Structure formats: structure tokens, C-alpha cells
Amino acid sequence: MFPFGKPHWYPVEPESARTASGNIMNLSPDHIAFFKDNGYLLLEGLLDPALCAQVRDRMWNSLPEDSRLRRDDPSTHIGPFREEDIQNDSIHLRQGYRWQNREFGTDPLLLDLIYNERICAIAEQLLGKGMLEPPKVGGKLMGSEGAAWPNGPIDPAISEGVRGVYNTLPYGDKPRENDYCHTDGHPFNLGVVGLIDDVPSDGGGFKIWPKSHRRLYPTFQMQYDQPRIPYYAHLPSHKGIIQSPAYDKEIKAILRDTPAVDCWGKEGDIVFWHHRQAHMAGHNYTHVIRQAVLYDFKRTDLDTCRMDPPQDDMWRDWSNELRASDASYSEAFAASQRLTV
Ligand SMILES: [Fe+2]
């Protein structure tokens, strides 16, 4: 039933918790409550190791033959990318310490890895049964339309599949840097980061700021979207996403008063995160490349809900189970999620 091992949270549940294929895969009340309170959820061993291995192979095979990075020589894995390996292609970016490959974002391999029955059943428990907008095999890739504005970031909303495989090269001798959290500017409901190889602590897994989703959600003008100022070369002072003064104040306070949780883990571990959660791609102070796949779950009603203002009930567009949760859980459960209180 679980070809790659039972997850540690394997529950004893009633018949209703079974999917069509008979697998039991559902979150406990503690999981639901913890996500509601903290905006994230770490789950172990959710990705198929055979598929993770295939994705790693594809990443290495995507490098040019004469790349300085050699898979079998870890000393070459230390960043940043050397001049000859840099590529500024929005579909396959190699720049600094970031190696982001989006070229197989709508291949069955990546979709089977992260958008499968097992993970979707969990996402549905959070977002509502039958509410997931499916990705499109062979569909449009993130980065296929270039940057959101000249010299700006790639818009993750323009994608019919996963964002891609996001690797971070080890920092080597680079001095330690401060953390800076942000929220994403494009509309989606629920993010997921899946580790396709072991990522040690401090290895750039994914960093989130617990409970920030509840503090930031009301500071936006729209639930999922954000107003943007067009880019004009002759009027360069203002462009792109507009944040409210309340948002700016709150995210600075979060950075000051909230210890981040480092979502490191083993191959196959994943973290779900709320769309308004403060986060960052962590710094990689280890000697191994951080390898992860990123996907954004979208509800089928995102297009009609995206312009709504923040609601009195911030859980309006979530499952009944999540809405009904009283957001209380045990201390032991919080510790298992690396939450320090
Ligand atoms: Fe982000």
C-alpha cells in the first residue's frame, strides 16, 4: 500500500478516510489544527524515492557536457556558478547560487511526483474535496513568458505545472547572511515544497515564519492578488507589486519577533504552506546541493475569488474540516513540527 514506507503519521481512521484506490491518507485533527494556527505543515516521506532519483538524474543530465559541475565530484558543487556555467534563461536559470530548472515542469515525471493521489488527498483535506485545479501535462511552463516586468522576477502564476526544480548550491566560504522573509506576489492557495534529496539543517531547505499568515492576510488589499504599477523606463521609481504600509510594518515585525522554522529534511519530505505565509529559500551553509520541487495548489474558484478583499473569516475558501478546527494541538505535536514557543 505504501511502496516507500508508511508516513510517521499513519493514522487509524474510519472507512471514509480511504481514497478510491483504498489508500488511507488523511491528516489528523492535530495536523489540521497546527496548519490553521501556524500556516505550515511538515510531512515526512511523501515523495516516491524512485521518482526523486529520476528527477535528480534529469537535473544532472540538463547540464552542458563541459560543465564545471561534476555530479561525482562534490568539491565542484560549491557555488556560485562560474562564468562559463551561468545561464540567464528563464526556463533554466543558473546564476549565483541558484539553479532553477523549469523545462520539465509539466512532464508526467514531475506531476506524478508532487500532484499524485496521495498528496492531492492531503491538499484536498485543507482546500476542500474536489476543489483542486489540476496541472496540465505538456502545458505551459513557468518562465515561458519571461519576467513579470523588465529585469523583474519570473511570474510563477504563468504556469500549468510545477514551478520547477529549485536547487541551491552550497555557499562555501561565503559569509553568513541575514534572513529576509517575503510573501509571494502571485495568486495561489497552498504552496508545497518537496525535498528530492536529503537536505541537512542550515542547508537552504525552506524557511517559514510560523503564524505570519494570520498577521499578514489582513494587510493585503485583495485576498490572493496584489495591485501592480506598470513598469516605465523613464519613470523608474515605482514599479511592480504594491505593498500596503500595514504590510510593510507587519513583515518587519515578524522578522524581528518570530523565530523562523527551517524546513530541512530527508528525501521525500514535504512542507505545505499558506499562500500568505512569510518565507524564504534558505541559505545553504552545508556542503550538499539543496534540491527541491515547488508546486502551488490552486482552487478551481481562484479566478472568481482572487480579487475579493480579505475576509472576516480568513478560512472562507478552505475545507469545512479546516474551518471547523479550533486550532488547538498538543505540545508534543508542535515540537514534532519544530515549533519553538
Ligand atoms: Fe517566495
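Biologist: Before we get to the sheets, when do two strands count as a pair here?
Modeller: Two strands pair if DSSP finds at least two bridges between them. Keep in mind that this is a predicted model.

Biologist: Okay, so which strands form the eight-stranded sheet, and in what order?
Modeller: The order is S1-S11-S6-S13-S5-S4-S3-S2, and the sheet is open with antiparallel pairing.

Biologist: Which strands are at the edges of that one?
Modeller: Those are S1, residues 40-43, and S2, residues 87-88. Each of them pairs on one side only.

Biologist: Let's walk in from S1. How many bridges join S1 to S11?
Modeller: Four, and the two strands run antiparallel.

Biologist: Is S11 buried or exposed?
Modeller: Five of the five residues of S11 are buried, so this strand is largely enclosed by the rest of the structure.

Biologist: Which residues are on each side of it?
Modeller: Ile270, Phe272 and His274 are on one side, with Val271 and Trp273 on the other. Both faces are covered. As a general point, side chains in a regular strand alternate between the two faces of the sheet.

Biologist: Moving along the sheet, how do S5 and S13 pair?
Modeller: S5 is residues 164-168 and S13 is residues 290-297, and they pair in the antiparallel sense over five bridges. Glycine 164, for instance, has leucine 294 in S13 as its bridge partner.

Biologist: Which strands does helix H1 touch?
Modeller: H1, residues 29-38, packs on the sheet and touches S1 and S11. The direction of H1 makes about 140° with that of S1.

Biologist: And which strands does H4 touch?
Modeller: H4 is residues 117-127, and this helix packs on the sheet too, touching S6, S11 and S13. The direction of H4 makes about 150° with that of S6.

Biologist: What follows H1?
Modeller: Glycine 39, and its phi is positive, near 80°.

Biologist: New topic: what's the order in the three-stranded sheet?
Modeller: S10-S7-S12, in an open sheet with antiparallel pairing. The edge strands are S10 (261-262) and S12 (279-280), and each pairs on one side only.

Biologist: How many bridges join S7 to S12?
Modeller: Two, with S7 covering residues 207-208. Isoleucine 208 has histidine 279 in S12 as its bridge partner.

Biologist: Zooming out, how many helices and strands does the protein have?
Modeller: Nine helices and 13 strands.

Biologist: How does its radius of gyration sit with that of a compact globule?
Modeller: A compact globule of 341 residues would be near 20 Å, and the protein has 20 Å, so the two agree. The C-alpha atoms fill a box of roughly 55 × 50 × 40 Å, taken along the principal axes.

Biologist: What share of the residues is buried?
Modeller: 38% of the 341 residues.

Biologist: Last one: what share of the contacts comes from residues 24 or more positions apart?
Modeller: They account for 81% of the contacts with a separation of 6 or more.

Methods. Residues numbered from 1 in each chain as written. Predicted model: local features only at pLDDT ≥ 70, side-chain atom pairs only at ≥ 80, totals over all residues. Rg over C-alpha atoms; globule rule 2.2 N^0.38 Å. Buried ≥ 20, exposed ≤ 12 C-beta atoms within 10 Å, placed from the backbone. Contact = placed C-beta atoms within 7 Å. Axes fitted to C-alpha atoms, helices over the stretch in contact; angles between N-to-C directions.
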